[in-house]
Amino acid sequence: MLKGIIFDFDGVIAESVHIKSAGFSEIYKLYGPSTVKKVVKHHEANGGMSRLEKIKYYHKTFLNTSLSHQEINHIANQFSEYVVDRVVRAQYVPNALEFIKYSYDNYKLFISTGTPTAEMKNILKLKKIIKYFTGIYGSPAFKNDHVKVICSEYNLKSDELLFFGDSKTDMEAAVANGIKFILRLNVHNKQFFQDYRGHKIYNFKSLDISSIR
């Protein structure tokens, strides 16, 4: 019996993947369009990865530069300043809000995101939807760990959960924990899931969970 639902946020609840892409473009534009292109491609292929890990990776891989923790945090703060207000104003994925409100009465709802936990909570408060979620999990913890904590703290078994995500990080966290994964397919991730044959949705309109189970 289904008892809980885990949602990624960007690209699953809110149409905000492009905002994060724009944020990375803004940060890396001084290094030229070639670097920006590589950064954005990696970001959109790894939506659930922490921005701290991404920034470290981008500088090391694309710019051959190692950053201190202080430098990484400084860049991450610049990124946050660029994206937070824009994410708060972002439109919902069609019918996502309605689905959340309906599900809130029937299941425990959780957020698993690569966004820092405090920032995610602030965004949910500003969007006035934080009350719907039993638990909110973000970076620096990894998504695989989010799922383990959710199962442990709320005494939930893998077959009692669903995971709605839009990245391979989401899918891997679900699969590693034996949880049914539902892909939210969109213009930003379709190139990375061309061979995907599992459950997928384009939006939450007329979504029947029983058909997934």
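On helix 7, the face turned away from the buried side carries the exposed residues Ser 152 and Glu 153 (exposed, over 50% relative accessible area; buried, under 20%; partly exposed, in between; 1.4 Å probe, protein chains only). The model is a predicted one, in which local features need pLDDT of at least 70 and side-chain atom pairs count only at pLDDT 80 or more, while totals for chains, interfaces and linings use all residues. Residues are numbered from 1 along each chain as its sequence is written, and side-chain values use heavy atoms, with hydrogens and water left out.

Helix 7 spans residues 143–153, and its buried residues are Lys 143, His 146, Val 147, Ile 150 and Cys 151. These residues lie on the same side of helix 7 because they cover an arc of only 130 degrees around the axis, the arc being that of the directions from the helix axis to the C-beta atoms. Helices (H or I, at least four residues) and strands (E, at least two) are DSSP runs, numbered from the N terminus. The buried residues of helix 7 pack against strand 1 (4–7), strand 2 (108–116), strand 3 (135–139), strand 4 and helix 8, contact meaning heavy atoms within 4.5 Å. Just after helix 7, Asn 155 adopts a positive phi of about 55 degrees.

Of the 5 residues in strand 5 (residues 180–184), 4 are buried. Strand 5 runs parallel to strand 4 (residues 161–165), to which it is joined by 4 bridges; two strands pair if DSSP finds at least two bridges between them. In this pairing Gly 165 stands opposite Leu 183. The chain passes from strand 4 through helix 8 (residues 168–176) to strand 5 in a right-handed β-α-β crossover, that is, with the strands pointing away from the viewer, the path from the first strand over the helix to the second runs clockwise. Strand 5 is also parallel to strand 6 (residues 200–201), with 2 bridges between them, and Leu 183 stands opposite Lys 200 in strand 6.

The structure holds 19 aromatic pairs (rings of Phe, Tyr and Trp, the last by its six-membered ring, with centres within 6.5 Å; planes under 30 degrees apart count as stacked, over 60 as edge-to-face and the rest as tilted). Phe 193 and Tyr 196 form an edge-to-face pair, at 5.8 Å centre to centre and 85 degrees between the planes. Phe 193 is buried, with a relative accessible area of 8%, as is Tyr 196, at 14%. One aromatic cluster is formed by Phe 24, Tyr 28, Tyr 31, Tyr 57, Tyr 58, Phe 62 and Phe 79.
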